Amino acid sequence: MADHVLSPNLAVDQEADRILKAQRRRHLVSMVLRYGILAAVGLLMLYPLIWLVGASFKTNSEIFAGAGFIPHEPTTSGYVNGWKTSTPYTFGHFFWNTFLIVIPKIIGTAISCTAVAYGFARFDFPGKKVLFASLIATLLLPNVVTRIPQYLLFRDLGWLDSFLPLWVPSAFAGDAFFVFMLVQFLRAIPRDMEEAARVDGANTWQVLLFIVVPLLTPALISVCLFQFMWTMNDFLGPLIYISSVDKFPVSLALKLSIDTTEAFEWNRILAMSVLTILPALIVFFVAQKYFIEGISAGGVKG
Amino acid sequence: MARLQLRNLEKDYGGFKAVHGINLDVADGEFMVLVGPSGCAKSTTLRMIAGLERVTGGEIRIGDSLVNDKAPGERGIAMVFQNYALYPHMKVRKNLSFGLRLKRRPAEEIEQATRDVSNILEIGDYLERLPKQLSGGQAQRVAVGRALIKKPQVFLFDEPLSNLDAKLRASMRVRITDLHKQLKADGLQSTVVYVTHDQTEAMTMGDRICVMKEGRIMQVADPVTLYNRPANAFVAGFIGSPEMNLIDADLSGSTLSIGSQSLALGPAMLERLNPKAASALTFGVRPQHFSLVGAGEDNALEGRVSHVEFMGHEVYLYVNVEGQQMIVVVSATAYDRSKIQGDIVRLQPSQETAHLFDRKTGENVSLADLH
């Protein structure tokens, strides 16, 4: 009797086994294919960056010898000489300048944009619709359009060749995108907590500071990160307003090494480029999740 | 001294009038419930008392002072919100003490107050937790604690139990009424204004109940009066469960005709009836105030049973009388199948407890002392 039961079962088992194996094989093939393609495309996109890092360790003569990124005779001379720069300042000085621009700008942005967004999201005042509409309108305005009037304005204020033209617009919530982002985020947060705080005796600023800002933290972190990245990478702003070399941020200093040397020391430039993108890269990877949160803010936040 | 007075209070949302000049006095230590269907402006009224909505007309007085233009924090009120509104980034301890810390009270006082409140509400074990780590009932207790710790003159509750499940709601109901009694017994400020849409909550908790409809007060009275002597058809229909049967009837002399049937009104009804009552009326009888009678009995309404619901201790009969649907509740023991011929039933309303309302104005015309 056992045989009767066993033999058909065995056949079924084998059949099932075969199907399962086929399934697994198909799954494996599709997975290899998928990841293969993804990896290839990813590599293609990343290759310039990888090459940049590799080339920064190459000698000048080797850089244009081939498209490979592995240096034959690795050398750190690019870094050593690049750091010295062709100016009286080291590259460290330019990094310091960059942070002198970036840090006050981030602080100013965070404070001013929060206050403005809080106003738009939570209060009714005459002309609110018109003001908010013009805020959104400035989002659509290309930066270039306002460069010249802005330049004239700052020139007449006597702010040229100082960091003020870079700091001040941001300290007055000049970045409409951030205000908009925070307004959207705030709209998704119920008002009850703020009302509870008012009943608890908090005034408007205390509500903002003790209740709204903590609730807004994820969005604020995104704002700071974006501002950090954009300011680090900003070339045109410093180029227009800053003329003395000792105030140059890294973005200008890089250009400087191209300008002043007749025979370009490419490996120095590449080495300093690597250093330049490093802070932004580190910040991006450390704070990746806040970027995503910031971008999707308002959409799904409940 | 925490009497609350509303005088001709109005709220106008730029053209849309939400509150139409209401007058309400809440005595010191009283538990006043504002109840009504959604959209009756009970929450708006509460929020105006709290100072979260601007008053567009009339006065609000807490104690002896006019508070119309005072900030919420200066009114001597505390509020419990429907969705608790705990500060999500603060631990329970900080949530409780937020108001006191804003007022820069000494640390020992804050510590003592936190301990007292957490003992009363049994939340001592959760002091170091964040609001998201609390269950609904615990969060609700913390929200009540946050109000309690401020020792306000007036407590405001905005549908605080509507987010809880039925069982928890019942126990929180008892807890809040007990708390109110305890505060009163301790001689503390304990005036309460409590907003709900649930008439059971209103009936079980309120010293007095203010029934509202579309921004107007329909009646303010204690639960027993509201139930037994509703001022109008709206209150009669809103209070009580299942709701009162309200059927069209016409009065001529002492005979009430309902469609082709008629009832002879006895002295129990006629003595109460306003002599100036119009003839177009609404006859109001609570589902519990009918008796099933046999074919021989006079003064009964005949109807067709469309549906029977057995609830255990009682039976709900859905009866169609002259094209108007009524609910009749009879106790399971009194439910006598033999009294129903086919699906025809004879119902005798108790005239002692029935009411007559003016069909046009809704006003109760069967409350003798009001005339």
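In this predicted model, helix α8 of chain A covers residues 176–187. The helix holds twelve residues. From its first C-alpha to its last, α8 reaches 16 Å, close to the 16 Å expected at 1.5 Å a residue. Several positions of α8(A) are buried: A:Phe178, A:Val179, A:Met181, A:Leu182, A:Val183, A:Phe185 and A:Leu186.

Chain A and chain B touch. The contact takes 13 residues from chain A and 17 residues from chain B. On the side of chain B that touches chain A, two elements give two or more residues: strand β6 (77–80) and helix α2 (92–102). The residues on this side of chain B comprise twelve nonpolar, four polar and one charged.

Chain B is assigned two domains. Domain 1 spans residues 4–228, and domain 2 spans residues 244–370. The C-alpha centres of these domains of chain B lie 39 Å apart.

One residue of chain B was examined in detail. B:Gln153 sits in the loop between α4 (136–148) and β7 (154–158) of chain B. B:Gln153 has 19 other C-beta atoms within 10 Å, so this residue is partly exposed; a buried residue would need 20 or more. Neighbours within four places in sequence were set aside when listing its contacts. B:Gln153 is then in contact with B:Ala2, B:Ile62, B:Gly63, B:Gly76, B:Ile77, B:Gln189 and B:Thr191. B:Leu263 gives a further reference point for B:Gln153. The two residues are 110 residues apart in sequence. In space, B:Gln153 and B:Leu263 are 53 Å apart, C-alpha to C-alpha.

Terms used
Residues numbered from 1 in each chain as written. Chains lettered and ligands numbered in written order. Predicted model: local features only at pLDDT ≥ 70, side-chain atom pairs only at ≥ 80, totals over all residues. Helix = DSSP H or I, 4+ residues; strand = E, 2+ residues; numbered from the N terminus. Buried ≥ 20, exposed ≤ 12 C-beta atoms within 10 Å, placed from the backbone. Contact = placed C-beta atoms within 7 Å. Nonpolar A, V, L, I, M, F, W, Y, C, P; charged D, E, K, R; others polar. Expected span 1.5 Å × (residues − 1). Domains from an automatic or database assignment.
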